[in-house]
Amino acid sequence: MVSRLRNITTSIVQQIMDARAVVADLTDRNPNVFYELGIADSFQTPVVTIAHTGTQLPSDETSKRQQFFADGAAHVATASPACPPPAG
């Protein structure tokens, strides 16, 4: 079991390192998501945080820009975060 978990964690870390940007949904305040945000931050990977309208965010996240959405809000995908343009 520990080996399997380590492989999942390694895979997630690798995907974050390889990503041009990360979108993190903070709605459920999942500790894993905050851990992954820390990893993204340590590799200076651009992050867009989203959360359902009314979500109470930790104080260190409230100083950052979030995109809030309501039930069924398809417009979240059109948010324009401060991410670098594609290379090339």
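Me: Which residues are exposed on the other side of α2?
Reply: P31, Y35, D41 and S42 are exposed there. Bear in mind that this is a predicted model.

Me: And which residues of α2 are buried?
Reply: The buried residues of the helix are V33, L37, I39 and A40. They cover an arc of only 160° around the axis, so they sit on the same side of α2.

Me: Why would residues three or four places apart point the same way?
Reply: An α-helix has 3.6 residues a turn, so residues with that spacing point the same way.

Me: How many residues does α2 have, and what does it span?
Reply: α2 has 12 residues, and the distance from its first C-alpha to its last is 17 Å. That is close to the 16 Å expected at 1.5 Å a residue.

Me: What caps the N-terminal end of α2?
Reply: N30 does, with a side-chain oxygen 2.7 Å from the backbone nitrogen of N32.

Me: What follows α2?
Reply: Q44 follows α2, and its phi is positive, near 55°.

Me: Back to V33. Why does V33 count as buried?
Reply: Its relative accessible area is 18%, and buried means under 20%, so V33 falls within the cut-off.

Me: What is V33 in contact with, leaving aside neighbours within four places in sequence?
Reply: With that exclusion, V33 is in contact with A24, D25 and L26.

Me: Is T55 buried or exposed?
Reply: T55 counts as buried, because its relative accessibility is 15%.

Me: What does the side chain of T55 reach?
Reply: The T55 side chain reaches the backbone oxygen of H52, at 2.6 Å.

Me: Which residues is T55 in contact with, again leaving aside neighbours within four places in sequence?
Reply: Those contacts are L26, T27 and F68.

Me: Last one, Q15. Where does Q15 lie, and is Q15 buried or exposed?
Reply: Q15 lies in helix α1, residues 2–18. Q15 counts as exposed, because its relative accessibility is 53%.

Me: What separates the C-alpha atoms of Q15 and A40?
Reply: The two C-alpha atoms are 9.9 Å apart, and the residues themselves are 25 residues apart along the chain. A40 is one of the buried residues of α2, whereas Q15 is exposed.

Methods:
Residues numbered from 1 in each chain as written. Predicted model: local features only at pLDDT ≥ 70, side-chain atom pairs only at ≥ 80, totals over all residues. Heavy atoms only, no water. Buried < 20%, exposed > 50% of the residue type's maximum accessible area, 1.4 Å probe, protein only. Polar contact = N/O pair within 3.5 Å; in protein donor to acceptor, adjacent residues only side chain to side chain. Contact = heavy atoms within 4.5 Å. Helix = DSSP H or I, 4+ residues; strand = E, 2+ residues; numbered from the N terminus. Expected span 1.5 Å × (residues − 1). Arc of directions from axis to C-beta.
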